[in-house]
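Me: I'm new to this one. Can you walk me through it?

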Amino acid sequence: MKEPGLDNRHRNQDGRIDQKRSDAVNKNLPIPIPNFSPQATVGTMRKATGETSIRGIREVAKKR
């Protein structure tokens, strides 16, 4: 594993920042995403919005 960068986020072997697990529940995120149920998982939010990152899901949810 590579050393953490300045932002101290975990990176995979390619050096890219790891994605949030798809079984994480919306209510347990640091800032829950509006327009989704508190019980919605990141995986279902990814499917509903077509985005892979939490930031992308949050942007699409704002536009809804």
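Reply: First, a term: buried means under 20% relative accessible area, exposed over 50%, and partly exposed in between (1.4 Å probe, protein chains only). Asp 23 has 44% relative accessibility, so Asp 23 counts as partly exposed.

Me: What kind of model is this?

Reply: This is a predicted model: local features need pLDDT of at least 70, side-chain atom pairs count only at pLDDT 80 or more, and totals for chains, interfaces and linings use all residues. Residues are numbered from 1 along each chain as its sequence is written, and side-chain values use heavy atoms, with hydrogens and water left out.

Me: How many salt bridges does a search of the whole structure find?

Reply: Two. A salt bridge here is a side-chain nitrogen of Lys or Arg within 4 Å of a carboxyl oxygen of Asp or Glu.

Me: Which residue does Asp 23 form a salt bridge with?

Reply: Arg 21. The closest N and O atoms are 2.6 Å apart. Arg 21 is exposed, because its relative accessible area is 58%.

Me: And Lys 62, what does that pair with?

Reply: Glu 59, with the closest N and O atoms 3.9 Å apart. Both lie in helix H2 (residues 54–63). They are three residues apart, about one turn of the helix. Helices are DSSP runs (H or I, at least four residues), numbered from the N terminus.

Me: Is Lys 62 buried or exposed?

Reply: Exposed, because its relative accessibility is 60%. Glu 59 is at 37%, so Glu 59 counts as partly exposed.

Me: Switching to H1. Which residues are buried there?

Reply: Val 42, Gly 43, Met 45, Arg 46 and Thr 49. They cover an arc of only 165° around the axis, so they sit on the same side of H1. The arc is that of the directions from the helix axis to the C-beta atoms.

Me: What do they pack against?

Reply: H2. The two helices pack at an angle of about 55°, with their axes 10 Å apart. The contact (heavy atoms within 4.5 Å) is made by Val 42, Met 45, Arg 46 and Thr 49 of H1 and Ile 54, Ile 57 and Val 60 of H2.

Me: How are those axes and angles defined?

Reply: Axes are lines fitted to C-alpha atoms, for helices over the stretch in contact. Angles run from 0 to 180 degrees between N-to-C directions.

Me: What follows H1?

Reply: Gly 50, whose phi is positive, near 80°.
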